[in-house]
Amino acid sequence: MTIPKKSSRLIVPSLDRALILKDAEKELKAPARRLFAKRALTLGGLSMLTGCQLTDDKSVSTFLSAVSRFNDQVQGMLFDPNRLAPEYSEAMLTKPFPFNAFYEIDSVPVVDGSNYKLAISGLVQDKHAWSLPELYALPQTSQITRHICVEGWSAIGHWGGTRFSDFLRRIGADTTAKYIGFKCADDYYESIDMATALHPQTLLAFSYDGEILPPKYGYPMKLRMPTKLGYKNPKHITEMFVTNTYPGGYWVDQGYNWFGGS
Amino acid sequence: MTNETEGAERVEVAARAPTKPPLINPIWVRVTHWCTALAVILMVLSGWRIYDASPVFPGLTIPAQWTLGGWLGGALQWHFAAMWLLFASFLVYLLLNIFTGRFFRKFFPVSPRAVIEDLYKALTGRLGHEDLSHFNAVQKLAYLSAIIALIVLVASGLAIWKSVQFPLLRELMGGYDNARIVHFCAMAFIVLFFLVHVAMVALVPRSLLTMLRGR
């Protein structure tokens, strides 16, 4: 650097000017490039990402489904079978507890309890179908837990029933199998992982807030899992089976994540 | 003041050797910056669609044409796919920043006084950008807040996604329902940061080049 120290301060503004000029010249040379960059940076540019049929593109949806299946495995690994969902007091119950299904409340199925039987199949020793009095005679427990919907809302409810892990052992289910599948009176179907099925808070629920489970909440029974999102909790169950073949689910087959657990 | 003369000298060197101006943003900063930016854009747009399924604030919904995913299920798939990009790029960004010492060199010290001074200069059009290798106090605060907002977004997101598996995060956020509010507010902050950030880049276009070619 040969410039004397004194003049280096004086030179600052002129350098600045030169720099600005240089910028301006470049800008003049490449107006198209600048314009493109500017436009890409606007919300309008971003909106090119949205609204378009990206999700409908087959390769994109195949990729997203593959990531969703990968996420199932990650969530299976994250799942701690001994970690309990928080339980709440009576005073914290959400009243009225919201009705939610893939149909309106006037389409809730009517199930005749007097000749109802829970069909059991797959990898189990005792495949006899269970009547409601038989099920009600099993050891009962209850819980006040938070139901979290995939949409984001949550509600605290009070369910009673028998611990599902006890029931699985009672019927001699192969607890090393991967899945338990359910079929329901409202044509809903769903399946869960064995770790969640054996979780101490997973209930085969027959009652809501001390009353026999009303039709709107899934009469005659629902599987209540406070470690899973709402859509994973099937209502109006008529059949269950233990299997190693992935059974899918009503919403899962349309794109909801299969593990769907919190 | 010393910074200004230093800056001027650096510019001088740059002007003399136009072929090799000094490297301002190393390659890992540029790669993680753009990956994080893409992930944040995807997560915000898909997050808006998820939000619309059950708005945290009744009456406040995001127009569907601004969202990504087409429906709740599609938006969730985008959200939980982009999550991995954000996780990887933001983690690499944070770790390399800390281990190379860049984090402490570039973002500190930052004093409230300097922020107010630089903000006043900026608003009166007297804040120079001669030396892009050096952050002014407003930039330091803005980038640090963006980093913190991203950390809050990830933490509240995990509390929502895995409210049973991460009880500590859930309680830290004030419970499941509150975690959604925290997640929303941190998103709003990141969107605000994004808008200001992009406006600033438009005002000082050279800064875009430093994030593209590093110089």
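The structure is a predicted model, in which local features need pLDDT of at least 70, side-chain atom pairs count only at pLDDT 80 or more, and totals for chains, interfaces and linings use all residues. Residues are numbered from 1 along each chain as its sequence is written, while chains are lettered from A and ligands numbered from 1 in the order in which they are written.

Strand β7 of chain A spans residues 203-208. Helices (H or I, at least four residues) and strands (E, at least two) are DSSP runs, numbered from the N terminus. Five of the six residues of β7(A) are buried, so the strand is largely enclosed by the rest of the structure. Here a residue is buried if 20 or more other C-beta atoms lie within 10 Å of its own, exposed if 12 or fewer, and partly exposed in between; C-beta atoms are placed from the backbone.

Several strands pair with β7(A), where pairing requires that DSSP finds at least two bridges between two strands. Strand β4(A), residues 154-163, is antiparallel to β7(A), with five bridges. In this pair A:T162 lies opposite A:L204 of β7(A). Strand β9(A), residues 222-224, also pairs with β7(A) in the antiparallel sense, over three bridges. There, A:K222 of β9(A) is the bridge partner of A:A205. Strand β8(A), residues 211-212, runs antiparallel to β7(A) and is joined to it by two bridges. A:S207 has A:I212 in β8(A) as its bridge partner.

The β7(A)-β8(A) hairpin has two residues between the strands. A:D209 is located in this loop. Its phi is near 50°, a positive value in a residue other than glycine. A:D209 counts as partly exposed because it has 17 C-beta neighbours inside 10 Å.

A second hairpin is formed by β5(A) and β6(A), with four residues between them. Strand β5(A) covers residues 179-184 and is joined to β6(A) by five bridges in an antiparallel arrangement. A:F182 has A:E190 in β6(A) as its bridge partner. Strand β6(A), residues 189-193, is mostly covered, with four of its five residues buried. A:D187 sits in the loop between β5 and β6 of chain A. Phi of A:D187 is near 65°, again positive in a residue other than glycine. A:D187 counts as exposed because it has 11 C-beta neighbours inside 10 Å.

A:P220 belongs to the loop between β8 and β9 of chain A. B:P109 lies in the loop between α4 (102-107) and α5 (112-123) of chain B.

Chain B has nine helices and zero strands. Its C-alpha atoms fill a box of roughly 60 × 35 × 35 Å along the principal axes. Of its 215 residues, 30% count as buried. Two residues are in contact if their C-beta atoms, placed from the backbone, lie within 7 Å. Of the contacts in chain B with a separation of 6 or more, 62% involve residues 24 or more positions apart.

B:N97 is part of helix α3 (residues 72-100) of chain B. B:N97 is partly exposed, with 19 other C-beta atoms within 10 Å. Leaving aside residues up to four places away in sequence, B:N97 touches B:R102 and B:F103. B:N97 and B:Y176 are 79 residues apart in sequence and 32 Å apart in space, C-alpha to C-alpha.
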